[in-house]
Structures are given as structure tokens and as C-alpha cells.
Amino acid sequence: MILSEKMALAKARMIEVLERFGPGTAVGWTGGKDSTVVLALWREVLREHAAAAPVRALNLDTGCKFPEVLAFRDRLAGEWGIELHIVRPDVDLVRYPLAVDPVQCCGDLKIRPLNDAVTRLGIPALLTGVRADENPDRADRPWLEDHGDHVRALPILEWTELDVWTFMVRESVPWCSLYDQGYRSLGCMPCTVRSGRGERSGRDSAKEERMGQLRSLGYF
Ligand SMILES: Nc1ncnc2c1ncn2[C@@H]1O[C@H](COP(=O)(O)OS(=O)(=O)O)[C@@H](OP(=O)(O)O)[C@H]1O
């Protein structure tokens, strides 16, 4: 599939989500490149198919995100008129052993609070920036996942890192300045490194195992 076909497929998936779950659907937006692409496409879909609907985004601020990412998030949300919901985990970060046990940390700071926020806000569907080529455990994911009280949609599942950058440049989508300093993926500060190796190096060591553990701990 070439990029224009992937774009058409992503938008077709979003239109299906809009028809089935309505404009209360939100983008799970980190301020990172992939979910910013999703936000840009969702904004377009709503403009074309649900003109008066606000573009909703949910951001879980773990408390250890890069200040540059948070500043980018706020700037773009303002420029694009995004209805941005920012939520934080109920954890005392001063006492929390950040990244000592990445499984526990990711569950406590990100996965569980994100799920809780989706439930609390009554979000019927969450659009995410997950890409299949980021990690072997993402290769066989379906584009629509049932999460009990909501669905997760993965509209850019087949996109590569190059597709993402091509889209951003071609469509003049802004990005966080940290990408210009050598970061290829922006997670929490303790688990993100300036990559020379893989796109998500630092975050994906033993990822499959970690996700399995999180699943068995009942995080999702
Ligand atoms: N903190 C936070 N707030 C809102 N939404 C979030 C958050 N973390 C993950 N996401 C959504 O999930 C997409 C994949 O992120 P990750 O690669 O970090 O996911 S995973 O939890 O490790 O599976 C991610 O896409 P990217 O932003 O492209 O990474 C989002 O759509």
C-alpha cells in the first residue's frame, strides 16, 4: 500500500468510528508524532462529516513528560481549537520509584489512569497512534479493539515511520522541536533515549514480556 492509500484507509476507519460511536470519540494524544497525525486526520474527518462537532483529545500527563512536549501540546491545541482533556495519575511522584520497575510504572502512571479517564469521561471510542511496525507485539493487532466500556481504534496501524514524516511534511503538520534534536519517539523522560538504534529504543526493551505481565496484572 502506498501512503495515499493508507491515508484513505485511515480516514475510512475514522468515518466508520464516527458513524458507530459518534463525535464524542477522542484522540488519545501524547503530543508525539503518530497521535498528532491521527489528530490531524480526525480533525479533517470531523470537518467533512460532522462540521459542528468539537475535536476531542485526551492527554494523560504522567508527570514525567518532556516540558517541550507539553508546550507543543498546548500550543497546537490552541491553534487547532482542540477540546483537550488533560488528566493526571493519582500518584505522589516525589515518592514514586520512577521506572525502577517499568511494568509497574507504566501501569500506574499511564495505562490504568488512561483507562480510568476514558471511563470517567464516557468516551465511547479512543483513536490512537499505534503502528504495527513499532514492535513485534503490535504486528497482529486488529484496527478496532474492544476494551469493555469503549473501543480503541488504530487508524494508522500500517503506517511506517517514513509515512508519518512524509505526511507531516506534505500536510504541514507541526511537530515537537525535540524531534529535530534526534529523538525519534517521545515517551516519559526516564524511559526515552535519543535514538541511534530502534525508533523506540529505551522504551521497548522486553516490551512483549512487559505487556504480557501488564495484561496478567489486569491493567487491560
Ligand atoms: N499519555 C497518553 N495520553 C494519551 N494517549 C496516549 C498516552 N500514551 C499513549 N497514548 C495513546 O496510545 C498510543 C500508543 O502509545 P504507546 O506506544 O506509548 O502505547 S503503549 O501504551 O506502550 O502501548 C499513543 O500514540 P503515540 O502518541 O503515537 O505514541 C496515543 O495515541
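**Where two helices meet**

Helices (H or I, at least four residues) and strands (E, at least two) are DSSP runs, numbered from the N terminus. This is a predicted model, in which local features need pLDDT of at least 70 and side-chain atom pairs count only at pLDDT 80 or more, while totals for chains, interfaces and linings use all residues. I number residues from 1 along each chain as its sequence is written, and side-chain values use heavy atoms, with hydrogens and water left out.

I then looked up the geometry: H2 and H3 pack at an angle of about 10°, with their axes 13 Å apart, the axes being lines fitted to C-alpha atoms over the stretch in contact and the angle running from 0 to 180 degrees between N-to-C directions. H2 is therefore roughly parallel to H3, a term for angles under 35 degrees.

Next I looked for the largest nonpolar core, which has 47 residues, with Trp42 and Trp159 making the most contacts inside it. Such a core is a set of buried Ala, Val, Leu, Ile, Met, Phe, Trp, Tyr and Cys residues joined through side-chain atoms within 4.5 Å, where buried means under 20% relative accessible area with a 1.4 Å probe, protein chains only. H2 gives the most to this core, with eight residues. Leaving aside neighbours within four places in sequence, I found Trp42 in contact with Met14, Leu18, Thr25, Val27, Val55 and Leu127.

Notes:
Buried < 20%, exposed > 50% of the residue type's maximum accessible area, 1.4 Å probe, protein only. Contact = heavy atoms within 4.5 Å. Parallel < 35°, antiparallel > 145°, perpendicular 65-115°, else oblique.
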